[in-house]
Amino acid sequence: MRLGVLDVGSNTVHLLVVDAHPGARPLPAHSHKVDLRLAQLLDPAGAIGPEGVDRLVTVVREAMVAAEDKGVEEVLPFATSAVREASNADAVLARVRDETGVDLRVLTGEEEARLTFLAARRWFGWSAGKLLVLDIGGGSLEIAYGMDEEPDAAASLPLGAGRLTAAWLQTDPPDPADVKALRRHVRAQIARTVGEFSRFGAPDHIVATSKTFKQLARLAGAARSADGLYVQRELKRKSLEDWVPQLAAMTTQERSELPGVSEGRAGQLLAGALVAEGAMDLFGVETLEICPWALREGVILRKLDHLPAS
């Protein structure tokens, strides 16, 4: 069957269309993506403003038209931290439902972590042993650990690259004092969770998903996206530590000219790098591997698990 997953994230609204059936890997057929940056559209009261809601409704409607055009039989719509944490979330969800017919399922942070972990487990297989999975989104950082398809521990922290950029790095290039303060904040938040995971012992394989990690790995010399899904891509902590001060000294425009860095993500790359560096350091990770699959694939895989085999 042809499935669509509609991901209303903190940075983008992304419709991923796949051809899939139980027991087979989902094959991407179409991708429709719009940069919305909901995490940066919250007003001082934490609400998504009228302009942001208008834009969200328009983008969701366009995505559903694209899904119909591509012959999608069922769309799995969900929203993550930007909508989840908006003070007017119920009103936003109701308006999207009334005007587009789409009933967005709001995932909890733990659900995000667990579904992303499922995707990574399926990608790397049982031979990867105990997995530690890190995922930096626009609004939150997800961490999950375990041996099976359901992690033994999962956590979500408010350390998304878009959220932190809007709250802490408001000049371009950023003020060094702000960068230092953000670094302290990030590490303090992550340090509170380390004990929850360390009691399970050392992981056998450390994996990262998300656009932020992919861009950081590309900066550190990993293969381009154009080289395909099956090329192994790694990020070493030493390389990341070398890049962080360079990113901190650059303007957004200068970062956008780096290899693999998109213009829309350049502004929040430094915040993402500080989160990645802090997580790798505090969890004692020297090298991690980039996983091509993440939350969207996890949602699809969970749906396929509940379909009868043909």
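This report walks through the salt bridges and nonpolar cores of the structure above.

The model is predicted, so local features need pLDDT of at least 70 and side-chain atom pairs count only at pLDDT 80 or more, while totals for chains, interfaces and linings use all residues. Residues are numbered from 1 along each chain as its sequence is written, and side-chain values use heavy atoms, with hydrogens and water left out.

**Salt bridges**

Side chains of opposite charge can pair when their charged atoms come close. A salt bridge here is a side-chain nitrogen of Lys or Arg within 4 Å of a carboxyl oxygen of Asp or Glu. Searching the whole structure turns up 24 salt bridges. Three of them are set out below.

| Glu-74 | Lys-303 | 3.1 Å |

For accessibility, buried means under 20% relative accessible area, exposed over 50%, and partly exposed in between (1.4 Å probe, protein chains only).

Let's start with Glu-74 and Lys-303, which form a salt bridge. Glu-74 sits in strand β4 (residues 74-79) and Lys-303 in helix α12 (residues 295-305), so their pairing ties together parts that are 229 residues apart in sequence. Glu-74 is partly exposed at 27% relative accessibility, and Lys-303 is partly exposed at 24%.

Glu-112 is buried at 5% relative accessibility, whereas Arg-84 is partly exposed at 22%.

Glu-241 and Arg-237 stay within helix α8 (residues 237-249); because they are four residues apart, about one helical turn separates them. Glu-241 is partly exposed at 30% relative accessibility, and Arg-237 is buried at 14%. Elsewhere, salt bridges with shared partners join Glu-110, Arg-114, Arg-122, Glu-149, Glu-150, Arg-302 and Asp-305 into one network.

**Nonpolar cores**

A nonpolar core is a set of buried Ala, Val, Leu, Ile, Met, Phe, Trp, Tyr and Cys residues joined through side-chain atoms within 4.5 Å. The largest one has 49 residues, and Ile-190, Phe-213, Leu-247 and Leu-288 have the most contacts inside it. Helix α11 (residues 269-282) supplies the largest share of this core, nine residues. A second, separate core of 29 residues includes Val-53, Val-59, Ala-66 and Val-102.

Conventions: Helix = DSSP H or I, 4+ residues; strand = E, 2+ residues; numbered from the N terminus.
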